[in-house]
Each structure stands twice: as C-alpha cells, then as structure tokens.
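Please consult the sequence and the structure shown below while reading.

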Amino acid sequence: MPLRLLSALLLAVATFSTGVYAQKSAPDAEGHAWWQHAVFYELYPRSFADSNNDGTGDIRGITAKLDYLKDLGVDAIWITPCFLSPQVDFGYDVSDYENIDPRYGTLADFDQLVAEGKKRGIRIILDFVVNHTSDQHPWFVDSRSSRTAPHRDWYVWRDGKGPGQPPNNWLSTFGHSAWQFDPKTRQYYYHFFYIQQPDLNWRNPAVEKAMLDVPRFWYQRGVAGFRLDAVDTLFEDPGLHDNPVLPGRNKYGDPNMENKYNTKLPQVHDVLRKLRTGADQYDAVLIGETWTKDIAELKQYYGDHSNELQMPMDFLFTEVNKLSAPEFRKQIAGVDEANGWPVFLFSNHDIRRQLNRYGDGQHDQQIAKLLAGLYLTLRGTPIMYYGEEIGMVNNDPKRKEDVQDPIGRTGWPKEIGRDGERTPMQWSADPNAGFTQGKPWLPVPPSYKDTNVASELKDPNSILNFYRRVLGLRHTNEALREGKYVALNSADANVLSYLRQYKNSAVLVALNMSGAPQKVAFDLTPQGFASATLRPLASAGGPSEAGSAATVELQPYGVYIAEVQAGAAAAAQPGQ
Ligand code: NOJ
C-alpha cells in the first residue's frame with residue numbers, strides 16, 4: 001500500500017476510535033486554546049440539583065440546569081467525583097473508576113449530559129482521584145486478602161516498627177497515623193487521607209498502567225479533561241524516613257509535622273507527563289489540585305509549558321483571608337510572572353465560601369461583586385464554585401451529631417468539617433431552596449429565601465446579574481480575553497487597579513478593598529492613553545457615566561470595570 005494511503009487510513013482509524021471530541025479546537029489568534037478562554041464552574045453533584053427528589057443531587061439534575069449555566073456564561077463544568085463509591089469521602093473514595101454511582105444516575109445519564117452540554121458549548125470535566133482508591137475497590141479487596149495476592153503490591157504495605165507500632169511517624173491529613181494495621185495479613189497499609197482511602201503504589205508499573213487507562217475511557221465518552229485530585233501526594237519515600245516534627249499540635253491533637261517524605265516527591269512529574277500525553281490526544285485539559293503556595297513550586301507543575309499541567313491550581317488567593325489591595329497585588333504579580341497560564345479561584349468544596357472569609361456582615365452584597373470583578377477580569381482562567389454567583393454562604397453544622405464530613409467528627413470542635421461549603425444550591429424561595437422535594441442531605445440556611453437564583457434573576461442589581469454582566473464581558477471584550485496584565489497605582493493601600501491591555505484597546509479595573517469611599521487618579525500616558533477617559537462596562541459602587549481617568553470615585557468596596565479611551569476621541573463617546 002502506498003505510504004500516503006496508509007497514513008490517511010491510520011488517521012481515519014485514529015479519528016474514528018477517539019471520537020468526534022478528539023478533534024482539536026483551533027487556537028485563537030493569540031495561540032490560546034479553548035480552556036484559556038473558558039470559564040470553569042465547579043459543582044458538587046450531591047448538592048447541585050436533585051431530579052428524583054431523594055434529597056441528593058444527581059446527573060440528570062445537572063443536565064436540567066445546563067441552560068442556566070449557559071446563560072450565566074459557563075463554558076466547562078468540573079463535577080467532583082460521581083463514580084461508584086461507598087461515599088465515605090463523598091465520592092473521593094472510588095470503587096470503580098469506569099462507572100457512575102447509582103445515587104447519581106447511570107452511564108447513559110452521563111452520556112446524555114455530555115451530549116446536552118455539547119449542544120450548548122459546555123464541556124464536562126471529571127475529577128480523577130489518582131492517589132488512592134476506596135478500600136472497597138476490587139484491587140484493594142484483593143490486595144488485603146493475602147500477602148501473595150496479585151494486587152498486594154498495588155498499595156503501600158509495610159511491617160510495623162515493633163508490636164503495635166506503625167512503620168513510621170507519618171500522619172494522615174485527616175487526622176492520626178497514616179498507617180492502618182490490617183489483622184488478616186499482619187501488616188500496615190498507608191493512607192494519606194481516610195482509613196478507607198488506601199494509597200495506590202504508583203511505583204508499581206501495573207498500577208500506573210491501570211490508572212493511565214482510566215482517562216481514555218472517559219475521553220472516548222466525550223469528557224474534555226480532568227481535575228487531578230491530590231496530585232502532590234502520589235509518591236512516598238520508599239525508605240520511609242520519619243517526617244520532621246514541628247512545634248505545637250494540629251486540630252486533631254496530633255503533633256505538627258512537615259510532610260517532607262510523603263508529599264511533593266519529584267516522581268509526580270513523570271506521571272503528569274504521561275497523563276498529559278493522553279490528554280493531548282483528545283484536546284483535553286488537566287487541572288491539578290497542586291496546593292502550591294509559592295511561585296517556584298507552581299512553575300514546576302507547568303513542566304516545559306507543553307508537557308505537564310495546563311492549569312495547576314495555585315490556591316494563592318485562598319490563602320489571602322482579608323481584603324487587602326497590597327496582598328492581592330502581590331499574589332497576582334507572582335502568578336502572572338510564573339510564565340504559565342494563571343488559574344484563579346476563591347473557594348471550593350474544601351475551602352470556606354468567600355463571603356464567609358471576606359464579608360464584613362454589612363457590605364456582603366457589594367463584596368461579592370468586588371470579588372467577581374477581581375478574578376473574572378484577570379488574565380487567566382477562573383474556576384467558580386457553584387452558588388458563589390448568588391452570594392451563597394457557608395451553613396456550618398452547629399452540633400457534632402449533625403456533621404456528615406468525617407473530619408468534622410474527628411476534629412470537632414476545632415475542625416468542623418466541610419459540610420458548610422457543600423450545602424444545596426439555592427434555586428428559588430420554595431422549600432429547600434427548590435433543590436429537592438425530599439429531605440436534602442445537608443440543610444439549606446434560612447437566608448435562601450433571598451439568596452436564590454429565581455429572586456436574583458429578577459433583580460437587576462443582584463450579585464447574579466453582576467456575574468452575568470462580567471462573564472459576558474469576559475467572553476466578548478478583546479482586552480479582557482487577550483490582554484496582558486498591567487498593574488496600576490502600585491502604592492495604593494486600598495484600591496487594587498490594573499489594566500488589561502491588548503493592541504490598541506484596554507480595560508481598566510479598579511477595586512476598592514476598603515470600607516471607606518476612595519478617590520483614585522490614573523495617569524495612563526505610559527500605557528499610551530494620554531488624558532484618558534473611562535467608559536463604564538460594569539460598575540457597582542463606581543462611576544456610572546464616562547469620565548476622566550484623573551478622578552475616579554469608588555464607594556466602599558466599589559468595583560469599576562471600564563473601557564479606556566485616549567483623550568479627545570473618548571469625549572465623543574456616550575457613557576453607558
Ligand atoms: C482533595 C479533595 O478536594 C477532598 O475533598 C478530598 O477529601 C481529598 N482530596 C481526598 O481525596
């Protein structure tokens with residue numbers, strides 16, 4: 001067969017076998033891929049929408065809300081694990097990576113979600129729990145059955161140091177020893193998370209192969225990428241050196257410890273490169289739960305910018321727990337200079353909701369808009385967390401007996417668990433916020449009567465409508481899509497300001513992070529806009545009319561997003 005014909009045939013076979021989704025979407029004029037302009041939305045499937053009224057959200061519920069997400073301006077949804085699972089860690093304990101948990105529906109429901117998403121231009125991202133499985137996974141069931149079982153070495157088994165003594169001092173991040181004695185085979189297995197979440201032994205090539213096969217199964221069903229759970233915990237020091245003990249005790253009463261020998265080992269990057277090779281075949285994105293807290297470490301997760309994670313989550317914003325212009329300025333500059341594509345988020349299913357962290361109880365509506373105005377206008381990809389667009393707040397358990405999240409029971413009252421940030425989405429003022437007609441698995445807070453989608457859609461000044469406005473701009477405004485980040489007025493202690501500048505266009509963002517009104521002056525001559533005029537694109541507590549950049553007045557926590565126009569030309573344009 002002539003060579004050309006053979007390669008055409010091979011290409012056809014490859015295209016067919018990888019499905020229509022494998023076709024690469026063309027990068028834009030700046031070479032940006034789809035995920036660089038997408039707005040990601042994380043949703044907790046138990047809590048998003050309940051289609052069968054059993055009190056727990058499900059896949060069909062998500063499908064029914066795709067139009068809402070589309071109208072909001074969402075391009076990709078990241079669904080926390082919905083695979084078969086005993087649900088000890090609400091899905092982060094997987095017992096079958098290639099099936100949907102019946103509580104959430106069926107594979108057919110999932111296929112339907114992907115297809116309906118595709119019709120609306122919404123991609124589906126799944127959560128790949130790479131570090132551990134459930135103790136109910138058939139691999140572990142076999143592994144613990146005998147020391148010679150075929151899957152024995154798929155997990156990390158070791159002898160104790162002595163009678164009743166674990167192999168070393170490593171602690172589970174969910175409290176107490178990371179080693180669990182298994183009486184049947186009289187060895188300990190290692191679990192960085194719950195006892196029911198044994199760590200896989202990624203040094204075993206059979207484990208690597210089995211795990212690398214999982215994404216392909218889902219890519220072929222049309223999934224557009226994965227959020228990789230806890231990637232920094234994949235490898236442990238085979239020498240099992242004790243971790244350094246630090247002063248003090250943690251919220252579980254254990255000694256503080258530096259996880260020096262059981263997290264962030266360099267072999268993680270080998271696995272990331274292999275996962276990336278698979279993702280690239282399907283034009284898929286990899287988001288990493290990397291917990292990087294400094295820029296040097298963040299940079300490593302990008303690899304050479306084409307071979308590891310496209311979107312490492314740096315969590316730097318989640319570390320800033322007060323509104324502070326200098327602090328945010330510093331974090332943004334760091335991420336911006338890391339030379340990778342930034343990823344911004346404020347909260348998720350493990351982190352208290354942003355209004356609980358930044359709200360002052362008086363200006364919360366305004367602060368919610370301020371935060372939206374910040375991370376939705378930066379260069380990079382934002383990951384929203386369901387409910388933040390309506391200003392949902394934590395509904396924390398008040399009594400230990402009400403806690404569902406196991407860490408909240410182990411650590412009560414210092415660690416109350418993560419139930420508070422995982423409560424049902426507030427759809428309307430109907431009972432249970434319109435989430436279910438059954439008994440919701442977690443209670444909705446009384447504030448749902450006002451804080452809900454239906455009411456906010458009707459109110460032009462709502463948080464939801466502000467999000468919709470800013471997300472609309474993010475998709476259409478060239479400077480916001482493509483522009484570089486230029487810090488402005490860097491000495492201002494109260495107002496965080498920057499430009500997004502692209503070719504001849506620029507958008508200015510000014511965010512008053514203080515509870516007092518502020519007057520700011522901008523001289524944009526160095527950026528090529530002498531005597532600039534600002535024309536509002538979105539404003540809450542900022543000017544509503546076009547005006548000179550030389551005086552901008554902002555209300556407490558005011559947010560102002562404006563198009564920049566140079567001098568005379570600008571004066572002719574009407575305000576908005
Ligand atoms: C990180 C997830 O975000 C968290 O919810 C989970 O408990 C742990 N990884 C264990 O999988």
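## Terms and basis

In the grouping used here, Ala, Val, Leu, Ile, Met, Phe, Trp, Tyr, Cys and Pro count as nonpolar. Asp, Glu, Lys and Arg count as charged, and the others, Gly among them, count as polar. The model described is a predicted one.

## The largest pocket

By this grouping, the lining of the largest pocket divides into 16 charged, 13 polar and 13 nonpolar residues. In total, 42 residues line the largest pocket, and those nearest its centre are Thr173, Phe174, Lys251, Trp291 and Lys293. Two or more lining residues come from each of strand S11 (255–257) and helix H11 (316–319). Strand S11 provides the largest share, with 3 residues.

The volume of the largest pocket is about 1300 Å³. The largest pocket lies between domain 1 (22–132 + 205–469) and domain 2 (138–190), because both domains give residues to its lining.

## The open sheet

The model also contains an open sheet of 8 strands, with parallel pairing and the order S13-S12-S9-S5-S2-S1-S15-S14. At its edges are strand S13 (311–312) and strand S14 (343–344), each of which pairs on one side only.

Within this order, strand S2 (residues 76–79) and strand S5 (residues 123–129) run parallel and are joined by 4 bridges. Tryptophan 78 has isoleucine 125, in S5, as its bridge partner. In general, the strands of a sheet pair through backbone hydrogen bonds, in either a parallel or an antiparallel manner.

Note on methods: Residues numbered from 1 in each chain as written. Predicted model: local features only at pLDDT ≥ 70, side-chain atom pairs only at ≥ 80, totals over all residues. Heavy atoms only, no water. 1 Å grid on protein atoms, 1.4 Å probe; cavity = no way out; pocket = protein on both sides within 12 Å on 5 of 7 lines; lining within 4 Å. Points joined across faces, edges and corners; volume = space filled by probe spheres on them. Domains from an automatic or database assignment. Pairing = 2+ DSSP bridges.
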